[in-house]
Every structure is written in C-alpha cells, then in structure tokens.
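Visitor: I would like to go through this model label by label and hear what each label rests on. Please set each value against its cut-off.

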Amino acid sequence: MRTWDVIIIGGGIIGLSLSIALRKRGARVLIVERGEPGREASYAAAGMLVECSLETPPALRPLATASAQMYPEFVHELQDESRVDVDLRDDGTILLCPPDHAQGRAGFSTENQLPSPLSAFEPALADPQQAAIFLKERSVDPRALAAAALKAAKHRGVDISSGRAVTEVLISDGRIAGVRTEKTSYAALAVVNCAGAWAGDFGPQRFPTRPVKGQMLSVAGGPRNTARHVIRSPEIYLVPRSDGRVLIGATVEEAGYDKRTDPAVIEQMHRAALRLMPALSGARMLEAWAGLRPGTPDNLPILGPTATPGYFVAAGHFRDGILLTPVTAHVMAQVVTESRPDYDILAFSPTRFQL
Ligand SMILES: Cc1cc2nc3c(=O)[nH]c(=O)nc-3n(C[C@H](O)[C@H](O)[C@H](O)COP(=O)(O)OP(=O)(O)OC[C@H]3O[C@@H](n4cnc5c(N)ncnc54)[C@H](O)[C@@H]3O)c2cc1C
C-alpha cells in the first residue's frame, strides 16, 4: 500500500495552500476531499483581507498582520503557477461608522483619515457626509484563489482524492497511520485536519468547531465602478470585483449545517445595499448563496499538533480564513515538517480545549 508523507483532510483554501507549502518542503502529499475542492466556505467568502477590526481577537492580530503582508507574494506565486487571475485589489476599505464612533476609535489614527472627501472618494454613496475611516486593506476573489491553489497544487504534484469523505483517522501503535474513507484507506506518516466547519466530525479528537452560516448575494451590470472600495457599514458590506460584480454580505447565523438561502433575508440585504449606494439599483441580482464559516468557542483558529503523534489540525478560521491562508500554510508546513515555526501559535493550540 502506498504511503504519503502527509494526508490533508479537506481541500478548502487552507488544505490546498498547505499542500503547496508542504510540497515545497519536499513532502509527498495527498488531499482527501469529501466533495469538490474549494467549494465550501472558501467558495462562499467575500474575500476581504481585514487585518484588524473590532471583531478581531487581540491574540489573532500578529498572525493577521503577518498574513496580510504575505498576500502579494502569495498571490504572485499562485497566479504565476496557475495562470488564474485572483483579482487581488489594493484600493482599500471605507469603514462607515455611527457618528459617535467616528472620532478616536481604538487603534485608528490620522493615517486612517480619508485621502479626500467622501463625496469624491466614493461618489456613489447615498450620504457623502457620514463619518468614515480609511483602511489600507486588500481584497481577493476567494473562488479564483481556490481555483488557482488547486491548479498550482496539481502542477506541483499534490495527489487529490475527491468525492469521498474521511470517516476515520487511523492510529497504529499510538501514532497516526492514515485515514479511512467510505471506500478505501490511505496510509501516511502525518495527517492534517483541514476540514473547516466539519473538523470536529471524526476522531480521534473531537475539535469544537461549528458551522456559522453566512448568506450573501452579488449584483452585476450596473454603471462601471459604482463602488470603488470595499465599504463596510454597521449593517452590511460591499465588496467590488474588477469584473464589475459587487458582493453584498453577510449574515452571521447559528443555523447548523443548513446552507439554504432565505429570499427575505437576501432581499433585506439587497435593500440595505441600495440605501447605502442607490446607483446599484441599475445592477441586476446575479446570485445568492450561503456558506459555513468554521467557528470555534473563542473565535480563534485551531492550529498545531494534537495529543496524537503525527496528527495535526489547521481549522476553525471563522471569519478570517481567506486572510489567514498564507500564514497558516507557512507556519503549519513548518510545524508538520518539524521545523521551528516562524510565528508563535501556542494560543491556537488544539490542547487549549483539553481534548
Ligand atoms: C459568507 C462568508 C463570508 C466570508 N468572508 C470572508 C472574508 O471576507 N474574508 C476572510 O478572510 N474570510 C471570510 N470568510 C471565512 C472563510 O471563508 C473561511 O474561514 C475559510 O474559507 C475556511 O477555509 P477552510 O479551508 O478551513 O474551510 P472550507 O473552505 O470549508 O474547506 C473545508 C473542506 O473540508 C472538506 N471536508 C469536510 N469534511 C470532510 C471529510 N470528512 N473528509 C474530507 N473532506 C472533508 C469540505 O468539503 C471542504 O471542502 C467568509 C465565510 C463565509 C461563509
């Protein structure tokens, strides 16, 4: 029976990117994906690379900053290898805030002032007088990013098994031996659980990940460049793509593994977007969808070795998995290949849940 150095469970953006980082270190890698690679949370995401928001837990900020800095190089490499354009945009974010929050928000300084009046900077906004902050954040198209990572992984010789779920992680003599699917078994020296919201579904350790549903929609075909920047308001966000689409999101719901969209909720978000930017009424609704963010009890990812020798986890990236992809791939490849990690990931250890 063939043995891989590393089996990765789950072909989302985290598993795909880690597979590439491991191949670069010479490992023979197999991804075992239940469905089609890159079609779950990584397909549903908006792709904002939010380095620091009021929701970002302080413990996550160093990794978030490191990952944001790694993005241009990460994307350059993926695009080069895959020939897929992932639409990395560098136009920044306008954060619209309630008037009483405009001044002196913790962590925001003079460099967060808009470079020009809002009416000139984002002319299509309904209210050019509202309080706003500028953030030098990028955005990316996560669907294209996952497609690029899949192509690059194949190009680098990563093996991929799609269409069968891992049902069991195999242990022999107290250490990892491989994985079993409904159909067959695969042997490996190390296994990394990158199964996103499903990471807790199989043993030997049950990680406390849970699905956090997000519904979104996109519109297209309105006047070109209606929205120039990512716009985050207390109610919704708008994420423009270079092909003219504008994404509108997103709900945050505890709804189990339900990925259905609710037309009333989609309509509500669409209306909120039109209130924010009336010119979007010239755009037609393109698509509505829902995805499952991998949540954890403390909103921090789960990264590192488990109590079972050879068994690792990189899951639970909640609302920031697209942002955290480069640093996760980098540091987890170091951990799995027993190199000294460049970043301290102790705060994200699976053992914090005393499994
Ligand atoms: C609506 C929405 C908006 C978002 N917006 C942003 C954003 O703007 N910026 C940002 O940084 N993040 C955002 N996120 C979060 C981001 O999408 C996730 O954190 C990230 O995609 C997680 O990647 P992943 O590879 O861990 O999970 P996934 O992409 O879900 O991949 C996990 C994979 O594991 C597979 N799998 C599961 N169980 C098994 C099994 N038993 N055997 C084999 N395979 C299995 C699944 O089929 C899936 O392909 C958003 C998420 C949603 C839902």
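Visitor: Leaving aside neighbours within four places in sequence, which residues is Arg25 in contact with?
Guide: This is a predicted model, and in it Arg25 is in contact with Ala333, Gln334, Thr337 and Ser339. Contact here requires heavy atoms within 4.5 Å. The C-alpha atoms of Arg25 and Ala333 are separated by 7.8 Å, although the two residues are 308 apart along the chain.

Visitor: What makes the pair Arg25 and Thr337 a polar contact?
Guide: Their side chains are joined at 3.1 Å, and the cut-off for a pair of N or O atoms is 3.5 Å, with one atom able to donate a hydrogen and the other to accept it. The pair therefore counts as a polar contact.

Visitor: Why is Arg25 called partly exposed?
Guide: Its relative accessibility is 40%. Buried means under 20% and exposed means over 50%, with partly exposed in between, so Arg25 falls in the middle class. Arg25 is found in the loop between α1 (13–24) and β2 (29–33).

Visitor: Why are α3 and α7 called roughly perpendicular?
Guide: Helix α3 (residues 61–82) and helix α7 (residues 325–336) pack at an angle of about 95°. The range for roughly perpendicular is 65 to 115 degrees, so the label applies to α3 and α7. The axes of the two helices are 7 Å apart.

Visitor: Which residues meet where α3 packs on α7?
Guide: From α3 come Leu63, Ala66, Ser67, Met70, Tyr71 and Phe74, and from α7 come Thr325, Pro326, Val327 and His330. These divide into seven nonpolar, three polar and no charged residues. Tyr counts as nonpolar in this scheme.

Visitor: What makes β5 and β15 edge strands?
Guide: The open sheet has seven strands in the order β5-β4-β12-β13-β14-β11-β15, with mixed pairing. β5 (132–135) and β15 (284–295) each have a single partner strand, so one side of each is without a neighbour in the sheet. The twist averages 20° from one strand to the next.

Visitor: How do you know that β4 pairs with both β5 and β12?
Guide: Two strands pair if there are at least two bridges between them. β4 and β5 have four bridges and pair in the antiparallel sense, with Thr93 opposite Leu135 in β5. β4 and β12 run parallel and are joined by three bridges; the bridge partner of Leu95 in β12 is Arg232.

Visitor: What about β12 and β13, which are joined by two bridges?
Guide: Two bridges are enough, because the requirement is at least two. β12 (residues 230–232) and β13 (residues 237–240) run antiparallel, and Arg232 stands opposite Tyr237 in β13. Helix α6 (residues 263–276) packs on the sheet, with β12 and β13 among the strands touched. The direction of α6 makes about 55° with that of β11.

Visitor: What makes both faces of β4 count as covered?
Guide: Thr93 and Leu95 on one side and Ile94 and Leu96 on the other are all buried.

Terms used:
Residues are numbered from 1 along each chain as its sequence is written. This is a predicted model: local features need pLDDT of at least 70, side-chain atom pairs count only at pLDDT 80 or more; totals for chains, interfaces and linings use all residues. Side-chain values use heavy atoms; hydrogens and water are left out. Axes are lines fitted to C-alpha atoms, for helices over the stretch in contact, and angles run from 0 to 180 degrees between N-to-C directions. Angles under 35 degrees count as roughly parallel, over 145 as roughly antiparallel, 65 to 115 as roughly perpendicular and the rest as oblique. Buried means under 20% relative accessible area, exposed over 50%, partly exposed in between (1.4 Å probe, protein chains only).
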